Amino acid sequence: MSDGDEDDLVQWRLKMLTTQRFANLLEVADLVGDMSSDGVEVLRKIGDSDHKGLRKFLREGRPETFEFLAGLRKDELDELGNAIENARAFRRAGKMVRWGIVTLFGTFVGVSWLWDKIVPWLKASK
């Protein structure tokens, strides 16, 4: 890369760094500086390639979701996690009950069919 190309690249970067973007960067720097160690750890996870789902959530999440989560207290967040686990458990239990009913119905139909086939054979053997 020649010196002229590097100068153009630097000029382009400076033009892209508008006053608002610079102010946003300062605001983020203040935010990170005021964060707890847990908050900084979350920021590190965002940059990690293993946490693509977290980045996708933050990029594509609806503002209402973030407002809702920001308004929760710590104990409410713990309860929210438990509620999600309970919902999954109820969904699994519902599937199990549904398949249990289907199995019982199938067993009833099968036993009825076998009974209809066995009864004439038992009458004939008398």
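**Salt bridges, a pocket and a surface patch**

Trainee: In this predicted model, which side chain meets that of Glu-64 in a salt bridge?
Mentor: The side chains of Glu-64 and another residue form a salt bridge, N to O at 3.4 Å. The cut-off for such a pair is 4 Å. The partner of Glu-64 is Arg-62.

Trainee: Is Arg-62 buried or exposed?
Mentor: The relative accessible area of Arg-62 is 55%. Exposed means over 50%. Arg-62 is therefore exposed.

Trainee: And what does Glu-64 count as?
Mentor: Glu-64 has a relative accessible area of 49%.

Trainee: How many residues apart are Asp-78 and Lys-74?
Mentor: Their side chains meet in a salt bridge, N to O at 3.8 Å. Asp-78 and Lys-74 both lie in helix 6, about one turn of the helix apart. In residues, that separation is four.

Trainee: Which helix gives the most to the lining of the largest pocket?
Mentor: The lining is made by Met-35, Gly-39, Val-42, Leu-43, Ile-46, Leu-54, Phe-57 and Leu-58. Helix 3 (37-47) and helix 4 (52-60) each supply at least two of the lining residues. The one that gives the most, with four residues, is helix 3.

Trainee: How many residues of that lining are nonpolar?
Mentor: The largest pocket has a volume of about 180 Å³. Its lining has one polar residue and no charged ones. Gly counts as polar, and Gly-39 is among the lining residues. The nonpolar residues number seven.

Trainee: Where does Trp-121 lie, and is Trp-121 buried or exposed?
Mentor: Trp-121 lies in helix 6, residues 74-124. Its relative accessibility is 61%, and the cut-off is over 50%. Trp-121 therefore counts as exposed.

Trainee: What is the area of the nonpolar surface patch that includes Trp-121?
Mentor: Patch residues need over 30% relative accessible area, and Trp-121 has 61%. The patch is made by Trp-113, Leu-114, Ile-118, Trp-121 and Leu-122. Its area is about 550 Å².

Technical notes
Residues are numbered from 1 along each chain as its sequence is written. This is a predicted model: local features need pLDDT of at least 70, side-chain atom pairs count only at pLDDT 80 or more; totals for chains, interfaces and linings use all residues. Side-chain values use heavy atoms; hydrogens and water are left out. Patches are made of residues with over 30% relative accessible area and no salt bridge: like charges are joined within 9 Å, nonpolar side chains (Val, Leu, Ile, Met, Phe, Trp, Tyr) within 5 Å. Accessible areas come from the Shrake-Rupley method with a 1.4 Å probe; for residues, only the protein chains shown count as cover. Buried means under 20% relative accessible area, exposed over 50%, partly exposed in between (1.4 Å probe, protein chains only). On a 1 Å grid over the protein atoms alone, a cavity is a set of points where a 1.4 Å probe fits but cannot get out, and a pocket is an open set with protein on both sides within 12 Å along at least five of seven lines; lining residues have an atom within 4 Å of a point. Grid points are joined across faces, edges and corners, and a volume is the space filled by probe spheres set on the points.
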